[in-house]
Amino acid sequence: MSEAPTPRFRSVLDRFQPYRPGKAVVSPEGKSFKLSSNESPHGPLPSVLSTIADAALRVNRYPDNGCVALVEAIADHHKVPADHIVVGCGSVGVTQMLLEAVGEPGAEVLYAWRSFEAYPLLVALSGATPVQIPLTGETHDLAAMAEAITDRTRLIFVCNPNNPTGTVVRRAELEAFLDRVPADCLVVLDEAYREYIRDAEVPDGLDLYPDRPNLAILRTFSKAYGLAGLRTGFMVAHPRVAEAVRKTYLPFTVNAIAQAAAIASLAATDELLERVEGTVKERERVRDALLSDGWTVPPSEANFVWLRLGERTMEFSAACDAQGVSVRPFAGEGVRVSIGAPEENAAFLAVARSFPHRNGPE
Ligand SMILES: *Cc1c(COP(=O)(O)O)cnc(C)c1O
């Protein structure tokens, strides 16, 4: 029997698995600890919640397609000109916009690997060719990345701190790298975890970009600002870059509630950064506990820790699942564990302590 013809799709889609919802994991006592997506463990502040409720009364109206009030609030907060800002549906949405703006067959997009999972997917969908440069010592190999630049390289991601390893690149090495990137190639510094950085040698992208017309900075409201469920992020870059990226905006994708909540969150930055401080303290406590139990854990400047477990990755992840702790495994590589509330972190540490094998240097 011959198969009936089906609609034809882009061949690139064959490279990706369909989305499969994660299974809920529950401990024998009926508890669930979600440490798999690097979210804030805190619900919205009262001031943000009341803004959300208020905005909900007007959802019969389309959102502001230019996100004007939010752009002004970001400009004011970060002391950057409004025409340097592009808001999108999460910073993943802005990443897609960036790739829509540069990606076409023949263009190359360079990034470290392993890094943020959205990069390979969005690069492939844009039609560009991904070029992945292996991490060295769990961090970006900027020298190798610079060597890999060709005249086809259009965009380079630097994820700082890197997801999932938590490691950073510091000012001197980043600036030396940026100096080697041709002016017609865009560098995107993904600073999703900027607020969790305590290493003073890590530069703030917003201080670097004014002198560098080919540098774009990505920030998000999903992590420190606790709005992952509302989907808002933004880019800051020189106007030529911002204008090109803005052209790819899928109309109305940053919804009205998200815009209002992001503005209210910026107004509550001090309160939110206090929460971040608590997460940073927990991060150090968790890492110290793991180290003293004999684990190898790279220093993290983000709200997660990385355990390179190699072949034991899925075994470790299953041990976590069994205790209601969901973590993010990358089969054959390692496990990323978000820093949650103290009780959640304690549940994770208990699993790690009872796991029969420690990881070690490669
Ligand atoms: C979480 C994360 C983001 C944020 O994505 P949103 O779309 O803003 O939720 C961006 N980049 C990296 C590296 C991340 O880990």
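Student: Where is tryptophan 295 found, and what makes tryptophan 295 buried or exposed?

Tutor: Tryptophan 295 is in the loop between α10 (269-292) and β9 (304-308); helices (H or I, at least four residues) and strands (E, at least two) are DSSP runs, numbered from the N terminus. Its relative accessible area is 3%. Buried means under 20%, exposed over 50%, and partly exposed in between (1.4 Å probe, protein chains only). Tryptophan 295 is therefore buried. The model is predicted: local features need pLDDT of at least 70, side-chain atom pairs count only at pLDDT 80 or more, and totals for chains, interfaces and linings use all residues. Residues are numbered from 1 along each chain as its sequence is written, and side-chain values use heavy atoms, with hydrogens and water left out.

Student: Which residues is tryptophan 295 in contact with, leaving aside neighbours within four places in sequence?

Tutor: With contact taken as heavy atoms within 4.5 Å, the partners are Leu290, Leu307, Leu309, Phe316, Ala352, Phe355, His357, Arg358 and Asn359. Glycine 360 is 65 residues away from tryptophan 295 in sequence, yet the two C-alpha atoms are 6.9 Å apart.

Student: What makes tyrosine 111 and phenylalanine 157 an aromatic pair?

Tutor: The structure holds 15 aromatic pairs. Rings of Phe, Tyr and Trp (its six-membered ring) pair if their centres lie within 6.5 Å; planes under 30 degrees apart count as stacked, over 60 as edge-to-face and the rest as tilted. Tyrosine 111 and phenylalanine 157 are 6.5 Å apart centre to centre, with 65° between the planes, which makes the pair edge-to-face. It joins distant parts of the chain: tyrosine 111 belongs to strand β3 (residues 108-113) and phenylalanine 157 to strand β5 (residues 153-159), 46 residues apart. Relative accessibility is 0% for tyrosine 111 and 1% for phenylalanine 157, so both count as buried.

Student: Why is the pair of phenylalanine 316 and phenylalanine 355 called edge-to-face?

Tutor: The ring planes stand at 80° and the centres are 5.0 Å apart, so the pair is edge-to-face. Phenylalanine 316 sits in helix α11 (residues 313-322) and phenylalanine 355 in the segment after α12 (342-354), 39 residues apart. Both residues are buried.

Student: What lies over the face of phenylalanine 304?

Tutor: Arginine 336 does, at 5.9 Å from the ring centre. A charge sits over a ring if NZ of Lys or CZ of Arg is within 6 Å of the ring centre and within 35 degrees of the ring normal.

Student: Why are α3 and α8 called roughly perpendicular?

Tutor: Helix α3 (residues 90-102) and helix α8 (residues 239-246) pack at about 95°, with axes 8 Å apart. Angles of 65 to 115 degrees count as roughly perpendicular, under 35 as roughly parallel, over 145 as roughly antiparallel and the rest as oblique. The two helices are therefore roughly perpendicular. Met97, Leu98 and Ala101 of α3 meet Ala244, Val245 and Arg246 of α8. By class, this contact has five nonpolar, no polar and one charged residues.

Student: How do you know which peptide bond from tryptophan 113 is cis?

Tutor: Omega is near 10° for the bond from tryptophan 113 to arginine 114. Arginine 114 is in the loop between β3 and α4 (118-126). A cis bond also joins asparagine 163 and proline 164, with omega about 15°; proline 164 is in the loop between β5 and α6 (171-180).

Student: What is the phi of glutamate 138, and what makes glutamate 138 buried or exposed?

Tutor: Phi is near 65°, a positive value in a residue other than glycine. Most residues other than glycine have a negative phi. Glutamate 138 lies in the loop between β4 (129-134) and α5 (142-147), and its relative accessible area of 15% makes it buried. Phenylalanine 252 also has a positive phi, about 65°; at 35% relative accessible area, phenylalanine 252 is partly exposed. Its place is the loop between α8 and α9 (256-267).

Student: What makes α4 mostly covered?

Tutor: Seven of its nine residues are buried: Ala118, Tyr119, Pro120, Leu122, Val123, Ala124 and Ser126. They pack against α3, β3, β4, β5 and β6 (186-190). Tyr119 also belongs to an aromatic cluster with Tyr111, Trp113, Phe116 and Phe157. Glycine 127 follows α4, with a positive phi near 90°.

Notes. Axes are lines fitted to C-alpha atoms, for helices over the stretch in contact, and angles run from 0 to 180 degrees between N-to-C directions. Ala, Val, Leu, Ile, Met, Phe, Trp, Tyr, Cys and Pro count as nonpolar, Asp, Glu, Lys and Arg as charged, and the others, Gly among them, as polar.
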